[in-house]
Amino acid sequence: MTYPEWLRPGVYGALIGAVSITIAGFSWGGWVTGGHAEAMASTRSHDELIAALVPVCVNMAKTDTDRIAKLASIQETMSFKRRDAVIATGWATVPGAETPNRDLAQACLAGLELDAS
């Protein structure tokens with residue numbers, strides 16, 4: 001089967017255009033693969049969940065009967081071990097969970113505003 005001679009440049013142009021659009025879309029257009037979109041959604045939902053749980057952590061800290069001693073212990077701890085100190089207080093353990101959440105403990109530190117008090 002023979003094709004007309006004028007068809008060849010059109011087919012080449014369509015192929016080159018499709019490749020160019022694909023490269024431009026993924027490089028500058030913001031297109032992402034399904035796996036990357038899933039990873040971004042998972043990260044964002046995790047961050048939003050932690051942000052939503054910070055008030056729970058701060059409320060647990062405010063209602064704790066041993067609050068003053070625990071806050072003093074956290075403030076005496078070196079800055080890089082403060083997250084572990086918050087975990088030790090139990091404030092980073094969400095009600096209904098068995099184990100504390102390290103990311104929640106880090107966010108709770110900011111919510112407690114230890115340096116401002």
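Colleague: What makes the meeting of the side chains of Lys70 and Asp64 a salt bridge?

Modeller: The term asks for a side-chain nitrogen of Lys or Arg within 4 Å of a carboxyl oxygen of Asp or Glu, and the side chains of Lys70 and Asp64 meet at 2.7 Å, N to O, so the pair is called a salt bridge. Side chains of opposite charge can pair when their charged atoms come close. Please keep in mind that this is a predicted model, in which local features need pLDDT of at least 70 and side-chain atom pairs count only at pLDDT 80 or more, while totals for chains, interfaces and linings use all residues. Residues are numbered from 1 along each chain as its sequence is written, and side-chain values use heavy atoms, with hydrogens and water left out.

Colleague: How many salt bridges does the structure hold, and which side chain meets Arg102?

Modeller: The structure holds two salt bridges, and one of them joins the side chains of Arg102 and Asp84 at 3.3 Å, N to O. This pair links distant parts of the chain, with Arg102 in helix H5 and Asp84 in helix H4, 18 residues apart; helices here are DSSP runs (H or I, at least four residues; strands are E, at least two), numbered from the N terminus. Arg102 has a relative accessible area of 41%, so it is partly exposed, and Asp84, with 38%, is therefore partly exposed as well.

Colleague: Which residues of helix H4 are buried, and what covers them?

Modeller: In helix H4, which spans residues 82-89, the buried residues are Arg82, Ala85, Val86, Ile87 and Thr89, and their cover includes helix H3 (67-76) and helix H5 (102-112). Just after H4, Gly90 takes a positive phi of about 95°.

Colleague: How do you know that Thr89 is buried, and what is its side chain doing?

Modeller: Thr89 has a relative accessible area of 13%, so it is buried. A polar atom of the Thr89 side chain lies 2.5 Å from the backbone oxygen of Val86, and the backbone nitrogen of Trp91 lies 3.3 Å from a polar atom of that side chain. Leaving aside neighbours within four places in sequence, Thr89 is in contact with Lys70 and Ile74, where contact means heavy atoms within 4.5 Å.

Colleague: Why is Tyr12 called partly exposed, and where is its place?

Modeller: Tyr12 has a relative accessible area of 48%, which is why it is called partly exposed, and its place is in helix H1, residues 7-27.

Methods
Buried < 20%, exposed > 50% of the residue type's maximum accessible area, 1.4 Å probe, protein only. Polar contact = N/O pair within 3.5 Å; in protein donor to acceptor, adjacent residues only side chain to side chain.
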